[in-house]
Amino acid sequence: MSDLLNKTIFLFGCEMNVLTMRETVDLIDGRMSRGEFTQHSVVNVAKIVNMQTDKKLANSVASCHIVNIDGMGVVWAARALGYTVSERVSGIDLFHKIMELACERGISIYFLGATSDVVKLAVEKCVAQYKNIKIAGFRNGYFSRDEENSVVEDIRISGAKILFVAISSPYKENFINRWKESLGADFVMGVGGTFDVVAGKVRRAPLWMQLSGLEWAYRVMQEPRRMMRRYLVTNSKFALMLLAEKIGRFLGR
């Protein structure tokens with residue numbers, strides 16, 4: 001199992017685990033069964049671009065025990081540079097796999113993030129979907145830095161061994177890295193907008209778009225004003241980063 005942690009690549013200043021979904025779940029399962037704290041993150045194009053200038057975010061991601069490649073753009077870039085990446089491990093798909101694992105093992109879960117209505121609805125949907133699920137607690141993701149102590153204490157006393165944090169980047173990564181084992185959980189994962197999807201507030205792209213790397217385009221269609229600039233800017237910067245890396249390697253730098 002420890003060999004799985006060694007399946008990594010280093011790309012654009014970020015160490016990533018090149019694992020399949022099955023390998024990722026097995027690794028998480030093994031670590032939780034041994035009571036080992038696991039800080040998890042996924043990376044996509046936008047996050048990697050932001051990590052170039054946001055050193056606090058970069059440090060929070062680097063502190064994670066497992067970093068999966070979520071975005072197909074990162075998968076393609078890694079392959080273009082000669083790395084072997086068999087598949088992407090999307091955050092929302094991993095969320096559902098961990099939910100299944102939690103039900104099998106009788107592990108309790110805490111949901112943190114989104115609005116009060118959304119997180120409540122996400123919990124209700126999960127209770128309906130997953131038999132024998134144990135929800136230790138939940139709360140919205142709107143709290144100040146001064147309130148973090150009480151939020152962390154609520155999570156800790158809940159007894160949850162799995163914590164999902166559905167807050168925007170970079171706050172969720174930095175929050176998890178700041179509190180780590182103080183949260184009391186064995187596995188902590190940032191899940192971004194997953195609660196919105198689970199609650200039905202946001203639709204996920206059709207499977208063919210997910211497999212084609214066009215999930216970002218589907219998000220733009222749903223929220224053009226908010227997402228267009230984000231993807232236009234970050235995708236362009238990432239393409240230039242990839243080009244510079246290719247040229248650098250060609251010139252032997």
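This is a predicted model: local features need pLDDT of at least 70, side-chain atom pairs count only at pLDDT 80 or more; totals for chains, interfaces and linings use all residues.
Student: How many of the nine residues of helix 9 are buried?

Tutor: A residue counts as buried under 20% relative accessible area, as exposed over 50%, and as partly exposed in between, with a 1.4 Å probe and protein chains only. Helices (H or I, at least four residues) and strands (E, at least two) are DSSP runs, numbered from the N terminus. In helix 9, seven of the nine residues are buried, so the helix is largely enclosed by the rest of the structure. The buried residues are Lys-172, Glu-173, Asn-174, Phe-175, Ile-176, Asn-177 and Trp-179.

Student: Where does Phe-12 lie, and is Phe-12 buried or exposed?

Tutor: The loop between strand 1 (8-11) and strand 2 (14-17) holds Phe-12. Phe-12 is buried, with a relative accessible area of 13%. Its phi is positive, about 55°, although Phe-12 is not a glycine. A glycine case is Gly-82, which follows helix 5 and has a positive phi near 95°.

Student: Which residues does a cis peptide bond join?

Tutor: The cis bond joins Ser-169 and Pro-170, with omega about 5°. Pro-170 is in the loop between strand 7 and helix 9 (171-179).

Student: How many residues does the largest nonpolar core have?

Tutor: A nonpolar core is a set of buried Ala, Val, Leu, Ile, Met, Phe, Trp, Tyr and Cys residues joined through side-chain atoms within 4.5 Å. The largest one here has 36 residues, and those with the most contacts inside it are Phe-95, Met-99, Phe-111, Ile-162, Phe-164 and Phe-195. The elements that give two or more residues to this core include helix 2 (21-33), helix 6 (91-105), strand 5 (108-113) and helix 10 (194-199). Helix 6 supplies the largest share, seven residues. A second, separate core of 26 residues includes Phe-12, Cys-14, Met-51 and Val-67.

Student: Which residues does Phe-195 touch?

Tutor: Contact means heavy atoms within 4.5 Å. Leaving aside residues up to four places away in sequence, the partners of Phe-195 include Phe-95, Phe-111, Val-118, Ala-122 and Phe-164.

Student: Where is Val-197 found, and which residues does Val-197 touch?

Tutor: Val-197 is found in helix 10 and is partly exposed, at 25% relative accessible area. Not counting residues up to four places away in sequence, Val-197 touches Ile-92, Val-202 and Arg-204. Between Val-197 and Val-118 the C-alpha to C-alpha distance is 9.4 Å, while 79 residues separate them in sequence.

Student: Is Arg-31 buried or exposed?

Tutor: Arg-31, in helix 2, counts as buried at 8% relative accessibility. Its contacts, not counting residues up to four places away in sequence, are Leu-5, Glu-36, Phe-37, Thr-38 and His-65.

Student: At what angle do the axes of helix 5 and helix 13 cross?

Tutor: Two packed helices are described by the angle between their axes and the distance between the axes. Axes are lines fitted to C-alpha atoms, for helices over the stretch in contact, and angles run from 0 to 180 degrees between N-to-C directions. The axes of helix 5 and helix 13 come within 11 Å and cross at roughly 10°. That makes helix 5 roughly parallel to helix 13, a label for angles under 35 degrees; over 145 is roughly antiparallel, 65 to 115 roughly perpendicular, and the rest oblique. Gly-73, Val-74, Ala-77 and Ala-80 of helix 5 meet Phe-238, Leu-242 and Lys-246 of helix 13. Among the residues of helix 5 (residues 72-80), Val-74 and Ala-77 are buried.

Terms used:
Residues are numbered from 1 along each chain as its sequence is written. Side-chain values use heavy atoms; hydrogens and water are left out.
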